[in-house]
Amino acid sequence: MAETAYTDSDVGKYVMTADGDRVGTVTAVRHGTPRVDPDPDMFDRIKRRWAGKTSTTTPIRFRTAK
């Protein structure tokens, strides 16, 4: 998977999971790294999705909605 180069043009865009769920909004980009303001219900959705899983780690792939 190729690295994404984030720029100031990404500020205000939604951050989505690979499944298309919106999890936040890019509020700033510093040195190519986006700063994300999470959606208020994001943690509840993640907890529901992971309910009953026995693994302590689960990878999450995010993409920026264009």
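Trainee: Which element has the lowest mean pLDDT, and which the highest?
Mentor: Strand 4 (residues 62-64) is lowest at 65, and strand 2 is highest at 90. Here pLDDT is the predictor's confidence in each residue, from 0 to 100. Strands are DSSP runs of E, at least two residues, numbered from the N terminus.

Trainee: What is the mean pLDDT of the protein?
Mentor: The mean is 79, and 74% of residues reach 70 or more. This is a predicted model: local features need pLDDT of at least 70, side-chain atom pairs count only at pLDDT 80 or more, and totals for chains, interfaces and linings use all residues. Residues are numbered from 1 along each chain as its sequence is written, and side-chain values use heavy atoms, leaving out hydrogens and water.

Trainee: How many bridges join strand 1 to strand 2?
Mentor: There are 3, and the strands run antiparallel. Strands pair if DSSP finds at least two bridges between them. Met 16 has Arg 22 as its bridge partner in strand 2.

Trainee: And what does Gly 20 do in that hairpin?
Mentor: Gly 20 takes a positive phi near 95°. The hairpin has 4 residues between its strands.

Trainee: New topic. Where does Arg 22 lie relative to Tyr 14?
Mentor: Over the face of Tyr 14, at 4.0 Å from the ring centre. The test wants CZ of Arg or NZ of Lys within 6 Å of the ring centre and within 35 degrees of the ring normal.

Trainee: Which residues does Val 29 touch?
Mentor: Tyr 6, Thr 7, Asp 8, Val 11 and Pro 34, leaving aside residues up to four places away in sequence. Contact means heavy atoms within 4.5 Å.
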